[in-house]
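Please read the points below alongside the sequence and the structure.

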Amino acid sequence: MSPSDSRSEQKALRVVIVFVYTFGVTYLLYWLTNKMIPLRVSAASERVGLDKSQHDEHYGPETGGPRELAEYAEPAETGRHE
């Protein structure tokens, strides 16, 4: 076994250690956050729609007025290029 093989193995081991540590800490933070503030919404909220159930926002032709719908329209071609 040459010294370069040993260095490659050390680098590979370091990568594995960093991956395991990062995954573990991330999972722990996700778990703690989920215990304080559930990160999933209920099935009823999904059926209603998250804009309505979480933010009380209304978008679309059935509820939006001309001003709201204008925000989604393509901008008019002015002939200017930026």
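How many salt bridges does the structure hold? The structure holds one salt bridge, and its partners are arginine 40 and glutamate 46. The model is a predicted one, with a mean pLDDT of 78 for the protein. The points that follow are grouped by topic.

**Overall architecture and confidence**

- The protein contains four helices and zero strands, and its elements follow the pattern α-α-α-α along the sequence.
- A pLDDT of 70 or more is reached by 66% of the residues.

**Surface and burial**

- Of the 82 residues in the protein, 4% are buried.
- The accessible surface amounts to about 7,900 Å², and carbon and sulfur atoms account for 60% of that area.

**The salt bridge**

- The side chains of arginine 40 and glutamate 46 meet at 3.9 Å, taken from N to O. This distance qualifies as a salt bridge because the cut-off is 4 Å.
- Arginine 40 counts as exposed because its relative accessibility is 65%, and the threshold for that class is over 50%.
- Glutamate 46 has a relative accessible area of 47% and is therefore partly exposed.

**Aromatic residues of helix α1**

- The structure holds two aromatic pairs. One of them joins phenylalanine 19 and phenylalanine 23, which are stacked with 6.3 Å from centre to centre and 20 degrees between the planes.
- Phenylalanine 19 and phenylalanine 23 are separated by about one helical turn because they are four residues apart in helix α1 (residues 3-36).
- Phenylalanine 23 also pairs with tyrosine 27: the ring centres are 6.3 Å apart and the planes lie at 15 degrees, so this pair is stacked. The reasoning rests on the cut-off for stacking, which is under 30 degrees between planes.
- Phenylalanine 23 and tyrosine 27 are likewise four residues apart in helix α1, about one turn of the helix.
- Phe19, Phe23 and Tyr27 together form one aromatic cluster.
- As to solvent exposure, phenylalanine 19 and phenylalanine 23 are both exposed, and tyrosine 27 is exposed as well.

**Asparagine 34**

- Asparagine 34 is located in helix α1, and its side chain reaches the backbone nitrogen of leucine 39 at 2.9 Å.
- The relative accessibility of asparagine 34 is 29%, so the residue counts as partly exposed.

**Serine 45**

- Is serine 45 buried or exposed? Serine 45 is buried, because its relative accessible area is 16% and the limit for burial is under 20%.
- Serine 45 belongs to helix α2, which spans residues 43-48.
- Leaving aside residues up to four places away in sequence, serine 45 touches Leu50, Ser53 and Gln54.

Technical notes: Residues are numbered from 1 along each chain as its sequence is written. This is a predicted model: local features need pLDDT of at least 70, side-chain atom pairs count only at pLDDT 80 or more; totals for chains, interfaces and linings use all residues. Side-chain values use heavy atoms; hydrogens and water are left out. Helices (H or I, at least four residues) and strands (E, at least two) are DSSP runs, numbered from the N terminus. Buried means under 20% relative accessible area, exposed over 50%, partly exposed in between (1.4 Å probe, protein chains only). Contact means heavy atoms within 4.5 Å. Rings of Phe, Tyr and Trp (its six-membered ring) pair if their centres lie within 6.5 Å; planes under 30 degrees apart count as stacked, over 60 as edge-to-face and the rest as tilted. A polar contact is a pair of N or O atoms within 3.5 Å; within protein, one must be able to donate a hydrogen and the other to accept it, and residues adjacent in sequence count only if both atoms are side-chain atoms. Accessible areas come from the Shrake-Rupley method with a 1.4 Å probe; for residues, only the protein chains shown count as cover. pLDDT is the predictor's confidence in each residue, from 0 to 100.
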